[in-house]
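Q: Hi! I'm new to this one, could you walk me through it?
A: Happy to, let's bring it up first.

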Amino acid sequence: MKLLFIQHGSRIYYSKENEVYVDACFNNEIWKRYASYCDELHVVLREVNERFDEEYLSNRLNKIDRSILKLKTIPDIYKPKKNYLNFKIRKQIDKTIEEEVRNVDKVILRSAGDFYTDIALKYCKKYNKPYLIEAVGFPFDSFWYHSFVGKFIALPIDIKFKKAVRDASYVLYVTNEALQKKYPSKGKMLGCSDVEVNLSEQDIEEIITKRMQKQSGPKIKLGTAAFLNVKWKGQRDVFKALYELKENGISNFEYELIGSGDSSNLLNEIKKYGLEEQIKIVGALPHSEVFNWLDNIDIYIQPSYQEGLCRAIVEAMSRGCAVICTDVGGNYELIDRKYIYKKGNVNQLVDILSKIKKEDIIEQSNINIRKASSYDQKQLNIKRDRFYMEFTEKNEEN
């Protein structure tokens, strides 16, 4: 059985040696999981035209083992912006996706309502290909906070997504209830996070002990893992909060940012607020190094304006980080509500940071790591595998 996976979010990067890399959203273990559901896994993702040095990519992104999958890359319709109006590029993308859908048995659409997944959905219906939708976020929020143009297309895309999910035979949600409430389906549904946490009781005790030993100095280190060139990730709100705190005589916070993307605008903002000594942009890290980074921060902050169920938050919880986040998506399913603030409300964030104490950090560390353990990799894999295998093995009548 041939299975196609298509998504618009992640990009493929090629090295000058023609090796292939992808951002931290995917790694070879994830590809192996999808491949286990079929005889042949096909993947369609957009590519970055530029070719990079191998060392540059290997230090920032995840290398793809092409023996696991059959990769087909397509042009990026959004970058440069003129591509969106280029008829030749649009036709090329449409033709490639049509061929891929026609030549497989079943299709997984990671989200829907976007340019790429809309094309795939169109051809799934034309060629009677069964499809499963992965609902990983809230399209309206995603586009509304993305750009000025996004505000004009957010509602129609959200409506399309709601209809696609409603009519899908299989839908996997990454939340337990948040996405399900807004985007219900008439088909078979499963709430199952795509986060993978593997914690034994011994792991939990060791992490908690290290956290308690760490809370001795006067500094509190904050951290955010997110794309650096996407405004709706909200890092600027943390800058503003740190500036307000500094103006009020509170400057014991340090803030580190990891993630891919051009950080020049954020660097300008840091200089604007005079926070060069408090804020450091680390840049992209391979997923294998993210946990080491999390072990060295005290509070993980997710200031974004939209999320589904944030993988980064769960991973931070699994390393015993206290967490502060916005009231978006399924965040309320994860974090104590007194550490959740309204998206964009810098005053609320300032209030939380100004009141938090070392003992609060330790308390939240204990609570969060045990909450994260409920996202046990083995248990989630059993649920997820059962759902996907039912989808891939079911004989559909054309």
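**Helix, sheet and surface**

Q: Where does helix H14 lie?
A: This is a predicted model. In it, helix H14, residues 358-372, lies across strands E10 (220-225), E13 and E14. Its direction is at about 85° to E14.

Q: What sheet do the 6 strands form, and in what order?
A: They form an open sheet, ordered E12-E11-E10-E13-E14-E15, with parallel pairing.

Q: Which strands stand at the edges?
A: Strand E12 (279-283) and strand E15 (340-341) do. Each has a single partner strand, so one side of each is left without a neighbour in the sheet.

Q: And what holds strands of a sheet together?
A: Strands of a sheet pair through backbone hydrogen bonds, in either a parallel or an antiparallel way.

Q: How many bridges are there between E13 and E14?
A: There are 4 bridges, in the parallel sense, between strand E13 (residues 299-302) and strand E14 (residues 322-326).

Q: Where is Gln306 found?
A: Gln306 sits in the loop between E13 and helix H12 (311-318).

Q: Is that residue buried or exposed?
A: Gln306 is buried, because its relative accessible area is 7%, and buried means under 20%.

Q: What is Gln306 in contact with?
A: Leaving aside neighbours within four places in sequence, Gln306 is in contact with Phe138, Asp141, Ser142, Trp232 and Val328.

Q: And how far apart are Gln306 and Asn368?
A: They are 62 residues apart in sequence and 21 Å apart in space, C-alpha to C-alpha.

Q: Changing topic: how many salt bridges are there?
A: The count comes to 23 salt bridges.

Q: Which residue forms a salt bridge with Lys2?
A: Glu40 does, and the closest N and O atoms of that pair are 4.0 Å apart. Lys2 lies in strand E1 (residues 2-15) and Glu40 in strand E3 (residues 40-52), so the pair ties together parts that are 38 residues apart in sequence. Lys2 is partly exposed at 34% relative accessible area, and Glu40 is partly exposed at 24%.

Q: What about Glu201 and Arg370, how do their side chains meet?
A: They meet in a salt bridge, at 3.2 Å from N to O. Glu201 lies in helix H8 (residues 201-214) and Arg370 in helix H14, so this pair ties together parts that are 169 residues apart in sequence. Glu201 is partly exposed, with a relative accessible area of 46%, and Arg370 is partly exposed too, at 37%.

Q: How far apart are Asp351 and Lys355 in helix H13?
A: They are 4 residues apart in helix H13 (residues 346-355), which means a separation of about one helical turn. Asp351 and Lys355 form a salt bridge, with their closest N and O atoms 3.2 Å apart. Asp351 is partly exposed at 36%, whereas Lys355 is exposed at 52%.

Q: Which residues are linked in a network of salt bridges?
A: Lys163, Arg166, Asp167 and Lys186 are linked that way.

Q: Last topic, the surface. Which residues make the nonpolar patch?
A: Phe148, Val149, Phe152 and Ile153 make a nonpolar surface patch of about 450 Å².

Note on methods:
Residues numbered from 1 in each chain as written. Predicted model: local features only at pLDDT ≥ 70, side-chain atom pairs only at ≥ 80, totals over all residues. Heavy atoms only, no water. Patch = residues over 30% accessible without salt bridge, like charges linked within 9 Å, V, L, I, M, F, W, Y side chains within 5 Å. Areas by Shrake-Rupley, 256 points an atom, 1.4 Å probe, with all protein chains shown as cover. Pairing = 2+ DSSP bridges. Helix = DSSP H or I, 4+ residues; strand = E, 2+ residues; numbered from the N terminus. Contact = heavy atoms within 4.5 Å. Axes fitted to C-alpha atoms, helices over the stretch in contact; angles between N-to-C directions. Buried < 20%, exposed > 50% of the residue type's maximum accessible area, 1.4 Å probe, protein only.
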